[in-house]
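Dear colleague,

I am passing on the structure we spoke about, and below it you will find notes on what came out of going through it. Please read them with the structure open beside you.

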Amino acid sequence: MTLKEEQLEGGIIRVILEGTLDIEGTAALEPQLTHLTASDKTYVILDLAGVDFMSSIGIGAIVRVAKALRRRGGNMVILGPKQVVHMILAKTRIDSLIQIVFELQEACQRVKEPPPKIGGIADGAHDAASREQ
């Protein structure tokens with residue numbers, strides 16, 4: 001599993017993953033991903049176009065990072081998963097928690113929108129802002 005980071009306009013980080021998100025890939029990836037997303041109001045586009053397979057361990061890592069981002073007022077969007085990975089995400093209903101898009105421009109727009117709630121729990125500054133309106 002390899003991770004590349006690309007800084008985009010508007011303070012968005014595009015994290016490009018390549019390889020297999022199984023036990024070994026996730027163990028190598030999770031500390032790097034956690035470090036990249038450790039600051040407040042971080043917006044991450046997780047590019048999965050280069051991921052060939054994802055296990056439940058990999059899904060769990062993505063959900064943990066998304067939750068941590070939201071607690072700090074940020075958000076995550078998944079970009080361009082291959083069909084097999086997209087099917088795994090859909091079957092596990094991750095697509096109801098983290099938006100999945102297939103175009104970079106749309107990902108840049110969606111990542112700044114208020115995210116869906118994870119586990120029915122209000123997360124981060126987005127929810128606080130919506131309550132003030």
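Where is Thr42 found, in terms of the helices and strands? In this predicted model, Thr42 lies in the loop that runs between helix H1 (23–36) and strand E3 (43–54). Although it belongs to a loop, Thr42 is buried, with a relative accessible area of 4%, and this counts as buried because the cut-off is under 20% relative accessible area. Its side chain reaches the backbone oxygen of Ser39 at 2.8 Å. Leaving aside residues up to four places away in sequence, Thr42 touches Ile13, Leu36, Thr37, Leu69, Gly74 and Asn75.

Turning to the fold as a whole, the protein has five helices and five strands, which follow one another along the sequence in the pattern β-β-α-β-α-β-α-β-α-α. The five strands form an open sheet in the order E1-E2-E3-E4-E5, with mixed pairing. Strand E1 (2–8) and strand E5 (100–101) are the edge strands, each of them pairing on one side only. Within the sheet, strand E2 (residues 12–21) and E3 pair in the parallel sense over nine bridges, and Val15 stands opposite Leu46 in E3.

Two helices deserve a mention here. Helix H2 (residues 56–71) packs on the sheet, where it touches E2, E3 and strand E4 (75–79), and its direction makes about 145° with that of E4. Helix H3 (residues 83–91) also packs on the sheet, touching E3, E4 and E5, while its direction makes about 110° with that of E3.

As for overall figures, 44% of the 133 residues of the protein count as buried, and the accessible surface comes to about 6900 Å², of which 53% belongs to carbon and sulfur atoms. Among the contacts with a separation of 6 or more, 66% are accounted for by residues 24 or more positions apart.

A word on confidence is also needed. The protein averages a pLDDT of 86, and 88% of the residues score at least 70. Confidence is highest in helix H4 (residues 104–110), at a mean of 97, and lowest in helix H5 (residues 124–132), at 41. Over residues 120–133 pLDDT stays under 50, and for this stretch the model has 19 contacts beyond four places in sequence. Where pLDDT is low, the predicted coordinates should not be read in detail.

With best wishes

Definitions and conventions. Residues numbered from 1 in each chain as written. Predicted model: local features only at pLDDT ≥ 70, side-chain atom pairs only at ≥ 80, totals over all residues. Heavy atoms only, no water. Helix = DSSP H or I, 4+ residues; strand = E, 2+ residues; numbered from the N terminus. Buried < 20%, exposed > 50% of the residue type's maximum accessible area, 1.4 Å probe, protein only. Polar contact = N/O pair within 3.5 Å; in protein donor to acceptor, adjacent residues only side chain to side chain. Contact = heavy atoms within 4.5 Å. Pairing = 2+ DSSP bridges. Axes fitted to C-alpha atoms, helices over the stretch in contact; angles between N-to-C directions. pLDDT = per-residue confidence, 0-100. Areas by Shrake-Rupley, 256 points an atom, 1.4 Å probe, with all protein chains shown as cover.
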